[in-house]
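Take a walk through this protein, from its overall build down to single residues. Keep the structure open as you read.

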Amino acid sequence: MAVTAQPLILDHAVIGVLDRLDEAAAIYRNGFALTPRGYHTLGSINHLAVFGENYLELLGFPPDSDDKRTELWSYPVGLNGLAFRTTDAAGLQRELGGAGKSVTEWRDFSRPVDVGGIEKSASFPTFQIGKEAISNGRFFFCQHNTPELVWQPRDQSHPNGVLDIVDVFIVSRAPEALTELLGGFANTAAPEISRDGIAIHAGIVTLHILSEAAAASRFGSAIPASFDGNERKVALGLKVRALEATADALAKGGFSPRSFEGGLLVDADAANGVALWFKE
């Protein structure tokens with residue numbers, strides 16, 4: 001039963017890097033066109049790789065930080081946040097809470113963005129869902145008050161040819177908790193169940209919920225091998241314009257991808273704790 005008319009759409013994926021943003025950015029610049037460093041009013045810092053419909057965020061904090069966002073830094077390095085899109089964070093928070101889902105209070109924060117030499121403020125009301133049930137990271141909803149400051153054409157062309165995030169892979173010991181948490185949105189039909197796991201569609205992105213055995217069989221040593229708690233987000237599927245050009249960009253960047261299901265797979269150890277699957 002739908003609990004909201006809002007669709008479930010992945011807005012961006014967060015790769016946590018702690019106080020090593022310089023190092024992570026240097027790695028991801030070998031193929032991705034990253035935005036200039038952003039400074040959030042909450043104390044965190046970031047770089048984005050902006051695509052057509054969504055984006056990837058490298059999120060960290062300055063080495064001399066006073067830990068304004070200490071709740072984030074207990075998560076493992078790697079893919080530890082999935083942000084879903086909303087046009088009304090306050091309204092959706094009330095709606096989901098009224099339907100019995102666990103939600104935090106929404107809060108508004110911002111970061112300055114340079115647009116043609118003029119400083120503007122990109123702002124984002126957000127709230128978390130299922131905070132107590134999610135291990136090793138968070139699911140949250142993000143409202144873009146100023147989407148034009150995030151999706152700028154100058155940032156959306158990448159040497160590796162990535163067009164969008166199209167897959168997220170989550171290893172889970174309690175898949176029913178995730179399907180319950182993400183159920184009830186206008187566009188979420190019954191989860192697709194196969195012998196390999198569960199698939200939930202979130203706009204153009206498919207969330208794949210896999211058992212530990214299924215993930216190990218499919219990805220081998222390319223993904224993080226162990227975790228505490230119920231689940232860990234381990235890999236992203238990235239749609240590219242032309243795989244041959246992607247292969248050239250990866251080689252120039254010093255990566256050694258393996259062939260994987262018709263595409264190319266970069267191990268988590270080489271990409272800050274998350275495996276990257278490039279495919280047409």
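How much accessible surface does the protein have, and what share belongs to carbon and sulfur atoms? The accessible surface comes to about 12100 Å², and 50% of it belongs to carbon and sulfur atoms. Such areas come from the Shrake-Rupley method with a 1.4 Å probe; for residues, only the protein chains shown count as cover.

A word on the ground rules. This is a predicted model, in which local features need pLDDT of at least 70 and side-chain atom pairs count only at pLDDT 80 or more, while totals for chains, interfaces and linings use all residues. Residues are numbered from 1 along each chain as its sequence is written, and side-chain values use heavy atoms, with hydrogens and water left out.

Now the overall build. The C-alpha atoms fill a box of roughly 50 × 50 × 35 Å along the principal axes. Of the 280 residues, 56% are buried. Buried means under 20% relative accessible area, exposed means over 50%, and partly exposed lies in between (1.4 Å probe, protein chains only).

Contacts reach across the sequence. A contact means heavy atoms within 4.5 Å. Among contacts between residues at least 6 apart in sequence, 70% join residues at least 24 apart.

Charge comes next. The protein carries 24 positive and 34 negative side chains, and the centres of the two sets lie 1 Å apart. Lys and Arg count as positive, Asp and Glu as negative; His and the chain ends are not counted. Each charge is placed at NZ of Lys, CZ of Arg, CG of Asp or CD of Glu.

Turn to the secondary structure. The protein has 5 helices and 16 strands. These are DSSP runs, numbered from the N terminus: helices are H or I with at least four residues, strands are E with at least two. Two strands pair if DSSP finds at least two bridges between them.

An open sheet holds 8 strands in the order S2-S3-S4-S1-S5-S8-S7-S6, with mixed pairing. Its edge strands are S2 (38–39) and S6, each pairing on one side only.

Start with S1, residues 10–18. Of its 9 residues, 8 are buried. S1 pairs with S5 (residues 78–86) in the antiparallel sense over 6 bridges. There, His12 has Ala83 of S5 as its bridge partner. S1 also pairs with S4 (residues 55–60), in the parallel sense over 6 bridges. Gly16 is bridged to Leu59 in S4, and Leu18 to Gly60.

Move to S6 (residues 107–115) and S7 (residues 118–129). They pair in the antiparallel sense over 9 bridges. Val113 stands opposite Lys120 in S7. The hairpin of S6 and S7 has 2 residues between the strands, and Gly116 takes a positive phi near 60° there.

Which parts of the protein does helix H2 pack against? The buried residues of H2 pack against S5, S7 and S8 (138–143). H2 spans residues 89–98, and its buried residues are Ala89, Ala90, Gly91, Leu92, Gln93 and Leu96. Just after H2, Gly100 takes a positive phi of about 90°.

Now for single residues. His40 lies in the loop between S2 and S3 (45–50). It is buried, with a relative accessible area of 9%. Beyond residues up to four places away in sequence, His40 touches Ile45, Asn46, Glu57, Leu59, Arg69, Phe109, Ser110 and Arg111.

Ala249 sits in helix H5 (residues 243–252). Its relative accessible area is 12%, so Ala249 is buried. With residues up to four places away set aside, Ala249 touches Asn30, Pro159 and Asn160. Ala249 and Ser74 are 175 residues apart in sequence and 33 Å apart in space, C-alpha to C-alpha.

Two backbone angles deserve a look. Most residues other than glycine have a negative phi. Glu261 has a positive phi near 50°. Glu261 lies in the loop between S14 (258–260) and S15 (263–266), and at 44% relative accessibility it counts as partly exposed. Asn272 has a positive phi of about 60° although it is not a glycine. Asn272 is in the loop between S15 and S16 (275–279). At 12% relative accessibility, Asn272 counts as buried.
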